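Subject: Structure handover

Hello,

Here is the structure for you to take over. Please open it alongside this message.

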Amino acid sequence: MSALSALRDSPMGTIRITASDHAIRSVLAARLKKFLPKYPGIQVELFADNGLVDLAAERFDAGVRLGESVAQDMIALRIGPDIRFAVVATKGYFARHPLPGTPDDLMQHNCINLRLPTYGGLWAWEFGKDGRQMNVRVNGQLTYNSIYDCLDAAMAGLGVAYVPEDIAQPYIRTGHLVSVLEDWCPYWSGYHLYYPSRRQPSGAMSLLIAALRYEA
């Protein structure tokens, strides 16, 4: 009877979350490692997707995206620090091609594209400097739908990639990758968990929200 009572009183349920592959690996995985053992009755389903998903239509409880991408009618909770992207390629690649001085120079390079499923198009690389914003639609031989594949291709010397700085930094430190246009790469508002404002979170969801909340 005591065991049944504890089971009845413990939070239960399945939480479905859509997030980018980078958000899953860089933020969610570490938090869930601490969260899930505390609540064995809670299941979390993570779906890696770089698109802006309709949560209601796809039956998701929440999504994770950068703060700038969250719709105004959503409740958003910061779950990670500010993030910056880096333009990287190998020393060997830049030995064969001139270093870009401005984002426009990337048009002359073999860039590794990322396809966003929401719009069926390629992601325009976003830059900023001295209050000026610039989006560059680059060209190249390779296109992926995973940011980690873009990094791997850059590591293989196949072109220039624009990836989260944290996943490129270990290879920049060892000298395998070279980072360029650093003064054009601003910090963006970090990852946020978002869900519809009209929906009351379940008990399980409320616990997860508390566990994911980011404290600077």
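Below is what was found in it, from the overall fold down to single side chains.

Please keep in mind that this is a predicted model.

**Overall**

The protein chain has 216 residues, and 43% of them are buried. Its secondary structure comes to six helices and 14 strands. The C-alpha trace spans about 75 × 35 × 30 Å along its principal axes. Take the contacts with a separation of 6 or more: 78% of them join residues 24 or more positions apart.

**The three-strand sheet**

Another open sheet has three strands, ordered β7-β6-β10, again with mixed pairing. Here β7 (121-122) and β10 (142-144) are the edge strands, each pairing on one side only. Strand β6 (residues 112-116) pairs with β10 in the parallel sense, over three bridges. I112 stands opposite L142 in β10.

Helix α4 packs on this sheet, touching β6 and β10. The direction of α4 makes about 170° with that of β6. Within α4 (residues 147-155), the buried residues are I147, Y148, C150, L151, A153 and A154. An α-helix has 3.6 residues a turn, so residues three or four places apart point the same way. Just after α4, G157 takes a positive phi of about 80°.

**Charged side chains**

How many salt bridges does a search of the whole structure find? The search finds four. Three of them are described here, among them:

- E165 with R84, closest N and O atoms 2.9 Å apart. E165 lies in helix α5 (residues 165-173) and R84 in strand β5 (residues 83-90), so the pair ties together parts 81 residues apart in sequence. Both residues are buried.
- K129 with D183, 2.7 Å from N to O. K129 lies in strand β8 (residues 125-129) and D183 in the loop between β12 (177-180) and β13 (187-188), so this pair ties together parts 54 residues apart in sequence. K129 is partly exposed at 29% relative accessibility, and D183 is partly exposed at 47%.
- D82 with R78, closest N and O atoms 3.0 Å apart. D82 is partly exposed, with a relative accessible area of 42%. R78 is partly exposed at 26%.

R65 lies in strand β3 (residues 62-66). R65 is buried yet has no salt bridge. Which side chain of opposite charge is nearest to R65? That is D49, 4.7 Å away, and the salt-bridge cut-off is 4 Å. The side chain of R65 does make a polar contact with the side chain of T18, at 3.1 Å.

Best wishes

Notes: Residues numbered from 1 in each chain as written. Predicted model: local features only at pLDDT ≥ 70, side-chain atom pairs only at ≥ 80, totals over all residues. Heavy atoms only, no water. Helix = DSSP H or I, 4+ residues; strand = E, 2+ residues; numbered from the N terminus. Buried < 20%, exposed > 50% of the residue type's maximum accessible area, 1.4 Å probe, protein only. Lys, Arg positive; Asp, Glu negative; His and termini not counted. Polar contact = N/O pair within 3.5 Å; in protein donor to acceptor, adjacent residues only side chain to side chain. Contact = heavy atoms within 4.5 Å. Pairing = 2+ DSSP bridges. Axes fitted to C-alpha atoms, helices over the stretch in contact; angles between N-to-C directions.
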